[in-house]
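Please look at the sequence and the 3D structure below before reading on. The briefing that follows moves from one chain to the other and ends where the two meet.

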Amino acid sequence: MNRSWLLWLPLAVVAFLGGWFIYGLVAPKDDLVHSAMVGKALPEFALPPATTGVEGLSNGDMKDGTPRLLNIFASWCIPCKAEAPQLDALKKAGAEIDAIAIRDKPEDVAAFLSEFGNPYRRIGADSEMAIQLKLGSSGVPETYVIGGDGTILYQHIGDIREEHVPMLLEKLRSAR
Amino acid sequence: MRTAFMSLLVFIATPVFAQGTGATPALANRQLPNPAQEASATKLMHSLRCIQCQGQSIADSDAQMAGTMRAEVRQQIASGQEPEAIRQWMVDRYGEWVSFEPEMKGVGLLLWAMPLLILLLALWLARGLFRRRT
């Protein structure tokens, strides 16, 4: 019986593994932990105001029929400062934005808002990150698109850059 | 002198200040009063992955997010929740990725079955050695 093809088997296995490893090296890397909550309803929560002069945020507040953005931020987070102009642009374009401030102090939030402006309708304080965990959010900043019925439609991880603004506005428009 | 001082500033790592200022949940670093419950919470915590410092379990990690996840695990254990139900709770929020113990289905099943498959392949390759030569 001719078994000469068997001689090629090790080479084939090594070539397959080699090809796989090269693919692993060149394939674009995605280190982000995406929320598995996209497509599901917002979890139940009711957060106190993050600072004086703003209103707190509950999941019921986002079920009023208007699609909106939910921005997860913190005054101590540097990319959150970088995305402030984009949030402003989104607000000017008609987007309603609610926010959750993560592990923040009221005076720090107030200082952040006075320096970078306040594009938010409501800001809830999540001082122990408990709601962040329930949202499947892995850090700050993150921005969710929330449907008018309180369903999580999309999760944007990281700061909003200029090129993301039209995309987020489009997501809001198609949610109407 | 001034240059020396300025270059010292390099050593002040910004991540230290990037941790934020808020409170850490009480149960992040405090054990449950019931030793049996604490044991099952700890066991589960060793098999859940920290979201922030990827690759460490939440039991090993000092990250804020890991503390929050430990508190959530302890809280749910204390309220009588089963460890596997809590694992599912985490998976429902962060995907299969959050668990260090992949489920025995889909690609995960291949992972579990791989040692057996390799053993079978090795036996098949070596079967000639066991044959009586005549």
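Which residue stands opposite A:L69 in strand 6 of chain A? The residue that stands opposite A:L69 there is A:V145. This is a predicted model, in which local features need pLDDT of at least 70 and side-chain atom pairs count only at pLDDT 80 or more, while totals for chains, interfaces and linings use all residues. Residues are numbered from 1 along each chain as its sequence is written, and chains are lettered from A and ligands numbered from 1 in the order in which they are written. Helices (H or I, at least four residues) and strands (E, at least two) are DSSP runs, numbered from the N terminus.

**The sheet of chain A**

- Chain A holds an open sheet of five strands in the order 5-4-3-6-7, with mixed pairing, where two strands pair if DSSP finds at least two bridges between them.
- The edge strands, each of which pairs on one side only, are strand 5 (123-126) and strand 7 (152-157) of chain A.
- From one strand to the next, the twist averages 20°; angles run from 0 to 180 degrees between N-to-C directions, and axes are lines fitted to C-alpha atoms, for helices over the stretch in contact.
- Strands of a sheet pair through backbone hydrogen bonds, either parallel or antiparallel.
- Strand 3 (residues 68-73) and strand 6 (residues 142-146) of chain A run antiparallel and are joined by five bridges.
- Strand 6 and strand 7 of chain A also run antiparallel, with five bridges between them, and A:Y144 has A:Q155 in strand 7 of chain A as its bridge partner.
- These two strands, strand 6 and strand 7 of chain A, form a hairpin with five residues between them, and A:G150 in the turn has a positive phi of about 85°.
- Strand 3 and strand 4 of chain A run parallel and are joined by five bridges, with A:A101 in strand 4 of chain A as the bridge partner of A:F73.
- Four bridges join strand 4 to strand 5 of chain A, which run parallel, and here A:A101 stands opposite A:A125 in strand 5 of chain A.
- Strand 4 (residues 97-102) of chain A is largely enclosed by the rest of the structure, because five of its six residues are buried; a residue is buried if 20 or more other C-beta atoms lie within 10 Å of its own, exposed if 12 or fewer, and partly exposed in between, with C-beta atoms placed from the backbone.

**Helices of chain A**

- Helix 7 of chain A lies across strand 3, strand 6 and strand 7 of chain A, and runs at about 20° to strand 6 of chain A.
- Helix 4 (residues 84-92) and helix 7 (residues 165-175) of chain A pack at an angle of about 40°, with their axes 10 Å apart.
- Helix 4 and helix 7 of chain A are therefore oblique to each other, given that angles under 35 degrees count as roughly parallel, over 145 as roughly antiparallel, 65 to 115 as roughly perpendicular and the rest as oblique.
- The contact is made by A:Q86, A:A89 and A:L90 of helix 4 of chain A with A:V165, A:L168 and A:L169 of helix 7 of chain A, where two residues are in contact if their C-beta atoms, placed from the backbone, lie within 7 Å.

**Chain B**

- Chain B has six helices and zero strands, and 22% of its 134 residues count as buried.
- Helix 3 (residues 35-45) and helix 4 of chain B pack at an angle of about 140°, with their axes 10 Å apart, which makes helix 3 of chain B oblique to helix 4 of chain B.
- B:M104 is found in the loop between helix 5 and helix 6 (107-130) of chain B, and B:M104 counts as exposed because it has 11 C-beta neighbours inside 10 Å.
- Leaving aside neighbours within four places in sequence, B:M104 is in contact with B:L109 and B:W112.

**Where the chains meet**

- In chain B, 19 residues are in contact with 22 residues of chain A.
- Helix 4 (64-78) and helix 5 (83-94) of chain B are the elements that give two or more residues to the side of chain B that touches chain A, and helix 4 of chain B gives the most, with five residues.
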